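Subject: A structure for you to look at

Hi there,

I am passing on the structure we talked about, with some notes to read beside it. Have a look at it first, and then see what I found below.

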Amino acid sequence: MSGADIAAEVAAAIAEAGAETGGGVPLVGTITRVTGADETTYPPTPGGAADYACTVVLDQYSARDREGTQITARDVKAMIAPDAVTDPRNGDALTVAGKTFSIVNVDAIQPGGVVLYWECQARMGED
């Protein structure tokens, strides 16, 4: 089985898990990225925003996960399928089920060099 085959199976599993928690429909999110004339600079030159669809599953961090780390009680673990239109990046916004989170950390889970999914630390804004 190739890495691409495994990535496709992981994408299907994320969609299935999202459907279980999303009332029978896979949980779809939107990655919003600030765009500009020169996207190679950091931070990017403001100019607009681009939206990219993704399939996602949200999970909570345990108190044990948060202890002694930068993970706060407002953070969720977002697992984004590899078939997303773009890769998530720090500073992107992630909107899922009407809630918007700021992506503060991204780990590409990629054994063998093929991205199976992105695990993101996503932070809910303060009310």
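Asp75 counts as buried because its relative accessibility is 2%, where buried means under 20% relative accessible area, exposed means over 50%, and partly exposed is in between (1.4 Å probe, protein chains only). Asp75 sits in strand E3; strands (E, at least two residues) and helices (H or I, at least four) are DSSP runs, numbered from the N terminus. Please keep in mind that this is a predicted model, in which local features need pLDDT of at least 70 and side-chain atom pairs count only at pLDDT 80 or more, while totals for chains, interfaces and linings use all residues. Residues are numbered from 1 along each chain as its sequence is written, and side-chain values use heavy atoms, with hydrogens and water left out.

What does the side chain of Asp75 meet? Some of the answer lies in polar contacts, which are pairs of N or O atoms within 3.5 Å; within protein, one atom must be able to donate a hydrogen and the other to accept it, and residues adjacent in sequence count only if both atoms are side-chain atoms. Another, at 2.6 Å, is between the side chains of Arg123 and Asp75. Leaving out residues up to four places away in sequence, Asp75 touches Gln60, Tyr61, Gln70, Gln121, Ala122 and Arg123, where contact means heavy atoms within 4.5 Å.

Arg123 itself belongs to strand E6 (residues 117–124). Its contacts, again not counting residues up to four places away in sequence, include Gln70, Thr72, Arg74, Thr100 and Phe101. Between Arg123 and Ala78 there are 45 residues of separation in sequence, and their C-alpha atoms are 9.9 Å apart in space.

Now for the overall picture. The protein has 2 helices and 6 strands, and from the N terminus on the elements run α-β-β-α-β-β-β-β. The 6 strands close into a barrel in the order E1-E2-E3-E6-E5-E4, with antiparallel pairing. From one strand to the next, the twist averages 45°; for angles here, axes are lines fitted to C-alpha atoms, for helices over the stretch in contact, and the angles run from 0 to 180 degrees between N-to-C directions. Helix H1 (residues 3–21) packs on the sheet and touches E2, E3 and E6, and its direction makes about 75° with that of E2.

Here is how some of the strands pair, given that two strands pair if DSSP finds at least two bridges between them:

- E2 and E3 are antiparallel over 5 bridges, and Asp59 stands opposite Lys77 in E3.
- E4 and strand E5 (residues 99–109) are antiparallel over 4 bridges, with Thr95 opposite Thr100 in E5. The hairpin of E4 and E5 has 2 residues between the strands, and Ala97 takes a positive phi near 50° there.
- E5 and E6 are antiparallel over 8 bridges, and Ile109 stands opposite Tyr117 in E6.

Next, the inside. A nonpolar core is a set of buried Ala, Val, Leu, Ile, Met, Phe, Trp, Tyr and Cys residues joined through side-chain atoms within 4.5 Å. The largest one has 12 residues in all, among them Leu27, Val56, Ala78, Ile103 and Trp118. Strands E2 (48–60), E3 (75–80), E4 (93–96) and E6 each give two or more residues to this core. A second, separate core of 5 residues includes Ala11, Ile14, Val57 and Ala81.

One loop residue is also worth a look: Thr86, between E3 and E4. Is Thr86 buried or exposed? Thr86 counts as buried because its relative accessibility is 12%. Its side chain makes a polar contact of 3.3 Å with that of Asp87. Beyond four places in sequence, Thr86 touches Ile31, Arg33, Tyr52 and Trp118.

For the protein as a whole, 29% of the 127 residues are buried. The accessible surface comes to about 7,400 Å², and 52% of that belongs to carbon and sulfur atoms; these areas come from the Shrake-Rupley method with a 1.4 Å probe, and for residues only the protein chains shown count as cover.

Happy viewing, and best wishes
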